[in-house]
Amino acid sequence: MILVLSGYYGNSQSLLTVLDGLEKPNGTPFSIQLNPTSTPTGCTSQTITLKIGKLTYMPASSTIPPEVIVIPQTTNGETTLTISGIVNEKEGVSRTIIIGAQFAPGTCDGVIQQITASIVSTGCNSTPVAATPITVTSKTLNNARVSLYKSSEEQDLEPYCLRKMIKYTLTAHNGSNNIGFTIMDAKFYLELDKCAEIIGIYKRDTYESVDPVITAGANVQTAVFNIPDLKLSLYGDYQYYDLYVRYPCLDGVNDCTSGYKKISAYVKGKSCGADISSPIVNVQTQISTSNSLCGDLSCGGGSGGGTTPIVILQSQLRCVTDCNTDSYVYFYLYTSPLNFSYPNQKFIVDLPMGLNVTGSGYRSTPCGSIFKITYLNSAGERSPIPYSGSLTRKVEFETSCSLMQPSNSFVIYFNYDKVNPPASEAKLSFNYKFTSDEKVITSGSNAAQPKKCSPALYSDLRVKKAATTYEAATDVNGLPGEIFTYVVRIYNFSTGDTNTVLSDVLNQNLEYAGGFKYYGANGKLQDLLANKSFTIPDIGTVAVAVPKVGESGTIVLSGFDFPCTSKTLDFQFNVRVKDHVTAGTVIRNFVEIPVSSVWGSNLTYIRITPLTYVKSKMFVKCALADEWKDTGINVKNGEEVDFKMQITNAGSNPILLSELINLKPQPNDQYEFGSGARKSTFKINYTCSLPEISTSLKTIPAVSFQYAQNAVTMDRDMLCPPQTSGNVPNWTAPCGLDANWLKATFPKNFTLAPGDFVSLVYKAKISGDSGVANNSFAFKVVDSNGNCNIVSDNSNVLAITNDGVGIGCNSCTLTNPNAAAIKKLVENLLNNIITRLINGETDAQINGTQPNELFLLKPYITSGGGDKIYHFSSVRNAQNKITGIRFSFSANSENDVSFLEENGLLYNPEIGSVDNSYLKVDSSVFVSPDQYLTTCRKVTDENGNVSSGTDCKNRTEVRFVNFCPDQFCVPANGEIKVIAP
């Protein structure tokens with residue numbers, strides 16, 4: 001299938017266009033649109049030469065039809081793209097090819113680049129045609145930015161009293177995604193109130209000063225310090241700093257007043273030789289001089305700020321009887337910038353009873369040295385590794401480094417002692433002591449409590465498009481009709497769980513699409529098939545309930561245990577996005593975990609992207625037949641046939657349908673889109689009966705019909721854009737044998753929502769003794785804004801054949817009232833045989849059986865058999881797919897029924913049956929019981945893709961069945977009784 005833009009038929013579309021303006025930011029892909037238009041039929045293909053100069057070709061940002069080949073070549077920094085494989089189709093048809101390109105990251109503003117394109121046709125006498133050149137210019141926003149905010153532990157303390165030390169975090173950064181410029185010679189600027197005292201500006205989470213230059217003004221003081229160049233990069237360049245400020249005590253000279261004190265921050269530097277500056281950001285801090293709130297604020301009233309280190313405990317203590325008993329405690333030692341020098345440091349932790357220490361760690365010192373870790377037992381003996389069991393009673397961290405950081409951390413890892421564990425949910429006390437030169441600086445005790453013992457299951461849910469090999473993600477884009485795979489992993493983080501129930505309620509915009517698989521004991525994905533459960537060691541038997549394929553519902557896994565020995569359960573299944581889902585819809589999904597679990601499930605999202613997409617399809621049948629064909633039928637002169645033109649909104653955006661147009665088949669005819677030869681050899685005239693409209697909508701639209709006698713070259717002014725040749729249509733002609741064109745006009749703003757369709761059926765009469773008449777149609781569809789940018793499939797072409805051999809529309813089955821019932825009996829017998837075969841029965845088990853479906857068909861078998869299945873055989877290919885089935889109704893004949901499928905029978909193993917399309921029998925071509933009734937099927941490849949044509953390699957053949965009996969027999973109480981017509 002080739003995707004084209006249906007709005008781009010005709011020659012008015014420019015070959016070369018740059019979308020969305022001509023000023024382009026560096027490092028950002030933009031779209032160069034090419035619209036090659038098919039040339040006369042003597043040409044076989046086209047090649048475009050696109051020169052983009054110093055721009056970078058971006059394949060990932062390009063939209064290129066599958067058959068088109070793009071070869072880039074760069075010489076001396078100049079890039080040329082050779083775009084070939086543009087197959088010539090109907091004359092005047094214009095395709096769209098999108099080429100992504102960009103200015104290189106860091107390109108200075110004002111750089112220009114000319115883009116040129118030329119096209120040449122091959123297979124015919126053609127000269128290259130050059131498009132008008134287009135010039136683009138580099139223009140990029142300055143991405144230098146700063147941020148300034150109070151640190152999290154300070155934010156809830158306003159108003160701040162004088163002498164209170166306040167910590168701010170400063171950030172200078174250059175934007176991400178390689179968009180912008182490297183900022184050279186960068187400096188960070190801070191402007192503060194004149195009474196603010198800058199205690200220090202340091203690199204983030206250190207006491208390494210940036211050596212600011214501080215200048216005092218009348219009301220404002222400025223601090224300036226150098227920072228590294230802010231480099232342009234994919235992920236952005238960030239520089240972080242800490243600012244410590246306080247507003248001093250009252251000395252009667254330069255006293256601060258209550259109110260908000262502003263700090264401003266910005267960055268200056270150079271880029272492309274010019275000065276560059278970030279926007280200024282401000283932060284306000286409320287200061288209080290109230291004695292009632294802050295006490296004595298005079299300089300003789302005390303220091304007002306502590307310098308003793310503070311210790312905070314953070315812990316992760318598992319349930320005492322947990323499956324996963326790895327636990328830890330973190331001690332954070334926070335120091336003040338007023339005092340961060342402590343020689344010969346030691347941090348000592350006394351442990352509560354019942355813990356088995358397994359290891360410990362720390363944050364490196366500012367000196368770059370390490371801590372010496374020593375483990376002590378109850379006797380005071382020392383070891384460089386933990387003692388076995390619960391014998392470790394203390395852990396000591398020691399270093400000769402004198403310097404500290406704002407935040408220093410020590411961690412101890414442990415399990416619970418299996419012999420004497422702590423009491424469940426008991427508070428465990430950890431005593432600590434920090435010393436310098438053996439002098440105690442601070443000490444204390446912090447308590448931690450193990451978690452409550454309960455199951456803790458977590459669902460890691462991912463989603464991906466079923467037809468891709470991409471890694472599953474939590475957030476993907478999709479379209480109506482697409483099939484997705486949900487990949488689920490259930491984690492067990494806590495105690496063992498029993499009688500577990502997991503459920504996934506499908507979103508109302510999804511339907512189950514089968515494909516349930518699980519990871520078995522061998523570690524490989526296995527199909528659920530038609531089973532209702534699967535078994536995995538330790539977990540046991542998992543009962544599975546799924547909705548019917550094609551329906552919404554709930555996937556449920558239940559009745560299994562989740563012991564400590566099993567940490568994960570993995571399964572996956574497919575869903576299909578329903579046809580009527582619109583762009584902008586977000587489809588959320590999660591797995592419901594039992595209420596007893598303290599964990600849960602993450603969310604996944606399928607976001608429906610905008611796509612304006614139309615499918616057009618044409619069908620034909622004999623006037624008395626019931627089933628439509630989308631390839632063609634065999635006819636005879638003078639017979640009446642029905643044609644159906646169908647438009648379906650297969651996208652996610654609404655569309656506006658205004659007109660359908662058909663040129664009746666006739667010698668020297670053309671396709672309605674373009675002017676390519678349709679190559680019919682006889683006419684099929686309109687019968688002039690009123691066409692019929694059907695639709696998925698609740699209300700059938702009021703459609704008007706008009707006819708024209710214009711020649712096959714008539715202007716198609718209703719197309720989008722119009723196609724003109726000077727042959728102006730005259731839609732006032734009456735319908736008759738001279739009518740060549742039929743047009744259906746829909747009401748103004750007639751809208752088809754996603755998934756909706758409308759069909760037009762008109763009657764026609766064969767006028768020709770031999771040959772082929774090809775039929776098709778065209779349409780005018782625009783998006784909701786009235787634009788022609790509609791993606792559409794190339795419409796099928798019907799081949800109506802009069803070969804003088806086929807029965808045409810004269811089969812007795814078209815008038816016999818019993819024919820439909822006999823056809824159903826044959827299809828039921830095929831279903832019985834194929835279903836048994838795919839569910840595991842062997843040829844020997846099927847041969848000789850007497851299925852009820854055969855019993856019901858027996859009165860219409862003309863060879864005298866029908867008591868049981870004879871001579872049954874099946875054939876499979878290397879992939880074990882069924883490619884052939886044969887059997888007979890009697891011992892004296894062979895191959896009365898044969899079923900051939902070249903690439904192998906496809907079926908859903910969960911359902912255990914085949915799609916009804918395999919079982920169809922075309923009784924409309926029935927001649928006599930002694931001749932094979934042959935039903936041709938379309939070719940389906942191993943991935944389930946269906947080809948548009950058929951050579952009848954895939955077929956069902958049946959003989960010795962009378963599809964036109966005078967009487968029809970129905971079973972009653974095990975006997976066959978005759979129902980007279």
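View 1. C969 is buried, its relative accessible area being 14%; here buried means under 20% relative accessible area, exposed means over 50%, and partly exposed is in between (1.4 Å probe, protein chains only). The cysteine sulfur closest to that of C969 belongs to C964, and at 15 Å it is too far for a bond. To count as a disulfide, a pair of cysteine sulfur atoms must be within 2.5 Å. Before you move on, please note that this is a predicted model, in which local features need pLDDT of at least 70 and side-chain atom pairs count only at pLDDT 80 or more, while totals for chains, interfaces and linings use all residues. Residues are numbered from 1 along each chain as its sequence is written, and side-chain values use heavy atoms, with hydrogens and water left out.

**View 2. The whole chain, for orientation.** Let's step back for a moment. The chain holds 4 helices and 69 strands; these are DSSP runs numbered from the N terminus, with helices (H or I) of at least four residues and strands (E) of at least two. Its C-alpha trace spans about 120 × 75 × 55 Å along the principal axes. The radius of gyration is 40 Å, whereas a compact globule of 981 residues would have one near 30 Å; this radius is taken over C-alpha atoms, and the globule rule is 2.2 Å times the number of residues to the power 0.38. Of the 981 residues, 48% are buried.

**View 3. The disulfide of C108 and C272.** A disulfide is a covalent bond between the sulfur atoms of two cysteines. The link is left-handed, with -95° about the S-S bond. C108 sits in the loop between β9 (97-102) and β10 (112-122), and C272 in the loop between β21 (259-271) and β22 (274-277), so the bond ties together parts that are 164 residues apart in sequence. Are these two cysteines buried or partly exposed? C108 is partly exposed, with 28% relative accessibility, and C272 is partly exposed too, at 44%.

View 4. C161 has a relative accessible area of 22% and is partly exposed, whereas C294, at 19%, counts as buried.

**View 5. The disulfide of C936 and C952.** The link is left-handed, because the torsion about the S-S bond is about -80°. Which parts does the pair tie together? C936 lies in strand β66 (residues 933-937) and C952 in the loop between β66 and β67 (954-958), so the parts are 16 residues apart in sequence. C936 is partly exposed, with a relative accessible area of 41%, while C952 is buried at 17%.
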